[in-house]
Amino acid sequence: MKAEITAREVTTFHDGGHRPPAGRLWAAIADNHRFNTLLWDEEDLARRRNVPDSAIAANKRAIDGYNQKRNDAIEHIDEELLSFYSGVRAKDDARLSSETAGAMIDRLSILSLKIRHMRLQTERTDVDRSHIEACAAKLARLQEQRADLAGCLDRLLSEFAKGDAYFKVYRQFKMYNDPNLNPAIYGEKGRG
């Protein structure tokens with residue numbers, strides 16, 4: 001069975017190389033990357049020191065919301081991949097991968113953002129040469145890390161298709177976002 005996706009297709013998409021193909025899997029991959037991008041921007045804004053605390057609080061609330069949606073998208077990626085491979089039976093000695101394909105795709109998304117932003121640092125004209133060189137070295141390391149992770153994703157999907165490995169959907173259960181599970185929120189009702 002041919003994999004529905006390859007790491008190369010995913011990283012090309014993350015780098016802005018093409019629009020995602022139609023389908024629920026690619027919609028989940030696109031959602032995940034969009035929420036990672038929004039998270040990145042909010043995280044930058046939350047580090048400002050020249051704005052009122054209320055602005056930072058708004059950033060933090062946005063971060064929590066985007067992080068929840070990012071995790072939901074990871075779960076959807078895994079659900080779609082498991083559905084695609086539903087006809088594959090894991091062999092008795094199949095290896096359980098504790099990291100899911102969706103989690104790997106999420107990490108590839110984050111690495112693409114780090115690469116994009118580190119590359120921008122290497123192009124700055126308002127910094128000294130040592131800054132450029134340090135950022136260029138970090139950029140090379142990030143690219144190596146992404147290549148390694150991409151290889152791991154392709155291997156997992158290949159092994160999964162042959163029944164040699166499998167993964168499960170791991171639910172994140174972000175309790176801090178659930179007013180029924182976060183004691184700081186549900187406790188307000190009793191005090192209010």
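A crossing of two helices is left-handed if the near helix is turned anticlockwise from the far one by less than a right angle, and right-handed if clockwise. In this predicted model, local features need pLDDT of at least 70 and side-chain atom pairs count only at pLDDT 80 or more, while totals for chains, interfaces and linings use all residues. Residues are numbered from 1 along each chain as its sequence is written, and side-chain values use heavy atoms, with hydrogens and water left out.

The protein chain has six helices and two strands. Both are DSSP runs, numbered from the N terminus (helices: H or I, at least four residues; strands: E, at least two). Their order along the sequence is α-α-α-β-α-α-β-α. The C-alpha trace spans about 60 × 55 × 30 Å along its principal axes. The chain holds 192 residues, and 34% of them count as buried. Buried means under 20% relative accessible area, exposed over 50%, and partly exposed in between (1.4 Å probe, protein chains only).

Two packed helices are described by the angle between their axes and the distance between the axes. The axes are lines fitted to C-alpha atoms, for helices over the stretch in contact, and angles run from 0 to 180 degrees between N-to-C directions. Angles under 35 degrees count as roughly parallel, over 145 as roughly antiparallel, 65 to 115 as roughly perpendicular, and the rest as oblique.

Helix α1 covers residues 7-14. Its axis and that of α2 come within 11 Å and cross at roughly 45°. The two helices are therefore oblique to each other. The crossing of α1 and α2 is right-handed.

Helix α2 (residues 24-45) also packs against helix α3 (residues 53-84). Here the angle is about 160°, and the axes lie 8 Å apart. This makes α2 roughly antiparallel to α3. Their crossing is left-handed. The residues of this contact divide into 15 nonpolar, five polar and seven charged. In this division Ala, Val, Leu, Ile, Met, Phe, Trp, Tyr, Cys and Pro count as nonpolar, Asp, Glu, Lys and Arg as charged, and the others, Gly among them, as polar.

Two residues of α3 were examined individually. Asparagine 59 is found in this helix. Asparagine 59 is buried, at a relative accessible area of 6%. Its side chain forms a polar contact of 2.9 Å with the side chain of arginine 48. A polar contact is a pair of N or O atoms within 3.5 Å; within protein, one must be able to donate a hydrogen and the other to accept it, and residues adjacent in sequence count only if both atoms are side-chain atoms. Alanine 57 also has its place in α3. Alanine 57 is partly exposed, with 30% relative accessibility. Alanine 57 and tyrosine 85 are 28 residues apart along the chain, and their C-alpha atoms are separated by 42 Å.

Helix α4 (residues 101-122) packs with helix α5 (residues 129-162). Their axes come within 9 Å and cross at roughly 160°. That makes α4 roughly antiparallel to α5. The crossing is left-handed. By class, the contact has 18 nonpolar, six polar and five charged residues.

Methionine 104 is found in α4. Methionine 104 is buried, with a relative accessible area of 7%. Its C-alpha atom is separated by 18 Å from that of serine 83, 21 residues apart along the chain. Histidine 131 is in α5. Histidine 131 is partly exposed, at 25% relative accessible area. Between the C-alpha atoms of histidine 131 and serine 83 the separation is 47 Å, for 48 residues along the chain.

Cysteine 135 is buried, at 6% relative accessibility. Cysteine 152 is partly exposed, with a relative accessible area of 27%. A disulfide is a pair of cysteine sulfur atoms within 2.5 Å. By this rule, the count of disulfides is zero.
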